[in-house]
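Work through the two exercises below with the sequence and coordinates at hand. Each task is followed by a stepwise solution.

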Amino acid sequence: MSVKDPITKGGCRFRRPVSHDTSPSPEDVCLIRRRFVQGLAMGGAVAGLGLSTPSLLAAVMKQQGPQTLGGTDFNLTISEQTVNFTGTPRIGTTVNDSLPAPVLRWREGDRVTLRVTNLLSETSSIHWHGIILPSAMDGVPGIATGFEGIKPGETFTYQFPVIQSGTYWYHSHSGFQEQTGLYGAIVIDPRESEPASYDRDYVVMLSDWTDEDPTDVYKKLKKLSHYYNFNERSHADLMKDIEEKGLAATWNDRKMWNQMRMSQRDLSDVTGYTYTYLMNGQTPANGWMGLFKKGEKIRLRIINGSAMSFFDVRIPGLKMTVVAADGQHIEPVSVDEFRIGVAETYDVIVEPKDDTAYTLFAQDISRSGYARGTLTPDPLLTAEIPEMDVVPNLGHGDMGMDMMLHAGHDMSGMDHSQHQMPDGKMMPGMDHSQHQMPGMSMGSNTDMDMGGYQLSNASSERANPSDFTSGPVHHAASEYGPHVDMRADAPQYRLNDPGVGLRNNGRRVLTYADLKNLRSTHDQREPDREIELHLTGNMGRYMWSINGVKHANAEPLRWKLGERLRITFVNDTMMNHPMHLHGMWSDLETGDNNFLPRKHTVIVQPGSRISYRVTVDAEGGWAYHCHLLYHMLGMFRTVIVS
Amino acid sequence: MKKTVFALMAMGLSTTVFAGGADDPLVYKVMVDKLEIRNTGGNDPFVLDADAWVGYDLNKFWFKTEVERVDGETEEAEVQFLYSRAVAPFWDVQAGWRRDIKPEPDRDFLALGFKGLAPYMFEVDAGVFIGESGQVGARLDAEYEYMLTQKLILSPEIEMNLYSKDDEEVGIGSGLSDMELGLRLRYEVLREFAPYIGVNWTKIFGQTADFASDEGEDTSDLQMVIGIRAWF
């Protein structure tokens, strides 16, 4: 595919119309967009904000984000365009010449038709993430029933009824096209009125862009797994520890990590070293801009459409009321900050009470960069951009050690026999005595970033519902070998753990324990059977698998139509994995079985255990995988429902 | 023996070459670990220590070489062709053929070793080498990387060689023949490219030292080194 006209970022994008295109051509779309903006300026809120000069209007236009396409009939064209996010022109994968792809606005109850034309030189596909639809429309080549991807030059017509509402997204399920730009937002308006009221509605699409070829990124990780990690613990950090804790405590603190050959800073495989983090396609230098008038309620539909990046999102000076998770309404909960895993979505409502600007700040989990936007009553007014938080260290709890039981207790002089290690071994060849941490005082550790964070009484009740199994964990024989570098011996339910880097940071941070469905659980049945899946890998070799078996070697999971499953994940790695089940909801067991939140993507924290229920109500082939792009090749299962 | 080695390597190839999937593509890496000039009293030797591998997650072919040149003459040159198989999370077993090209006459060995990361993050490469005349050699190479900053890395290294028999033609004596201690400070301009400076101390022992003394060579030497480390 030859390089086409460069995109003017955020502006109108022209390319030759596709002859069979019956929807508005890109030029028309551009006109619509212009009219939309003008309309807004003349009669709408922008005029009310005093946006009279063309330059201001242009400034606002520039920072808006992708266009919105509405209706029931869509023509989407996948192609390549020159984009420039870093100062260097690169080829991006676009939909209707837009990166991110256009926002699709559907209406619950409609039947939508989407004709997707592939102008790439390789097979492509679009998966509608979180949308409940027939398998044949799910868009995963080789797994969705009868779907083998969209070949170059071909058009595939997706058609399905929209039976849900909320915030979702869509992306390619072929190769690494998601990394190069093929992702966009889906907003579905409900038939009935929204439970939450708001005056403005903005999509906030977070993503990560690299100038590198994603194939090279993957190969670099195979050659040197910490290639992108420039936040390892180094000399200054060691000296600081020794000064604060003394030599012995510092040695003991780091002993296990050194013995296990693990990095406490293994937070993200790919970082800001190569990534430019985008908000609605805007770089941190530009920033996305959302306008408001004081006193208005703004709904932000935050979507993590990145390939590899978890974001910690906050708006300094504003509380956020989380009203939906993964498109589904939850009981509103007011927070200062939340972590959004790859592929998750959160809808929040904010109410700025004065005429000030606010920064919407999304720092990546490894604190190597951020995406940002501004909520402002005036395009000329921006807010201060906060400093990124300090780079956190993974704790022993993140290694699957049983620290929870000891939270708040002094562990110095602890007898090893009290230290629950059911399977005895953490590593092959690792002596049990190495688990000892003589003189180590977990409870009094100042940063408390050890997985040993404090549990409030109320939340610990919610975190450990009575029917959870939390006994010794069993690891299958397939989990032993050169392809698996770690197994969690005492993985804990950590629903009320905000996760590494967010523990005890002085802000109210959302946790999964906060998620409570606004409606009662749609399927009240107890699970018919339980499946335990272990997330496994070898970081150094950069291999990822489930139960130690990678997708290429795995039998499909066969589920029975109509059954109610409980799936329990055990994370035997030191990374967060956002696990996404296609086609069926994941009813996350957060404590109150009457109000289980429905999710499509669930973060499984390092060294932890988490479970959800699935009503197996969708026949056919489905993908089930870690949504980190460079993990999913191995950490993947095909599910067949019949 | 060469035939045996090639047969072994062919077997390895047949089990690996078709193994790659999308998750496990064929990857190669070329690493010039040391390309340096050593400052001695006399003629400064020029040293290359490099390796390369190609393969998949668990099965690879390795090539390793060490070359030392003085005054435009190659004084020492060694190559190894190895099949490498992951046997534990942090360890690969490597087997194949080693040839010492210089000093002459050349010597062939069957090479068997393991390479990986030991607890406390020591990179270890250890092997035994079985020669044609019943000569048995052993080598241990261990390296640590201490991060002064994210880009400035201090790396101590030890290498030692042992042999079971004297081999006067190539100046090898039985027992511990030589040991090398290095300390290099590199600055990673890029991950892939780092100039460095350092010191290198070598000592030869026992009969090997006697052979060297007979040739009028020093038995121990402390050298300043300057070089580059690069990979792709």
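Helices are DSSP runs of H or I with at least four residues, and strands are runs of E with at least two. The model is predicted.

**Exercise 1. Describe the secondary structure and overall dimensions of chain B.**

Step 1. Counting the runs in chain B gives 2 helices and 13 strands.

Step 2. Along the principal axes, the C-alpha atoms of chain B occupy a box of roughly 55 × 45 × 35 Å.

Step 3. A residue counts as buried when 20 or more other C-beta atoms lie within 10 Å of its own. Of the 232 residues in chain B, 27% are buried.

Step 4. Among contacts in chain B with a separation of 6 or more, 44% join residues 24 or more positions apart.

**Exercise 2. Work out the strand order of the open sheet in chain A and find its edges.**

Step 1. The sheet has 5 strands, in the order S12-S20-S19-S14-S17, with mixed pairing.

Step 2. Strands S12 (288-291) and S17 (337-340) of chain A each have a single partner strand, so they stand at the edges and one side of each lacks a neighbour in the sheet.

Step 3. From one strand to the next, the twist averages 20°.

Step 4. A:Leu291 has A:Thr376 in S20(A) as its bridge partner.

Notes: Residues are numbered from 1 along each chain as its sequence is written. Chains are lettered from A and ligands numbered from 1 in the order in which they are written. This is a predicted model: local features need pLDDT of at least 70, side-chain atom pairs count only at pLDDT 80 or more; totals for chains, interfaces and linings use all residues. A residue is buried if 20 or more other C-beta atoms lie within 10 Å of its own, exposed if 12 or fewer, and partly exposed in between; C-beta atoms are placed from the backbone. Two residues are in contact if their C-beta atoms, placed from the backbone, lie within 7 Å. Two strands pair if DSSP finds at least two bridges between them. Axes are lines fitted to C-alpha atoms, for helices over the stretch in contact, and angles run from 0 to 180 degrees between N-to-C directions.
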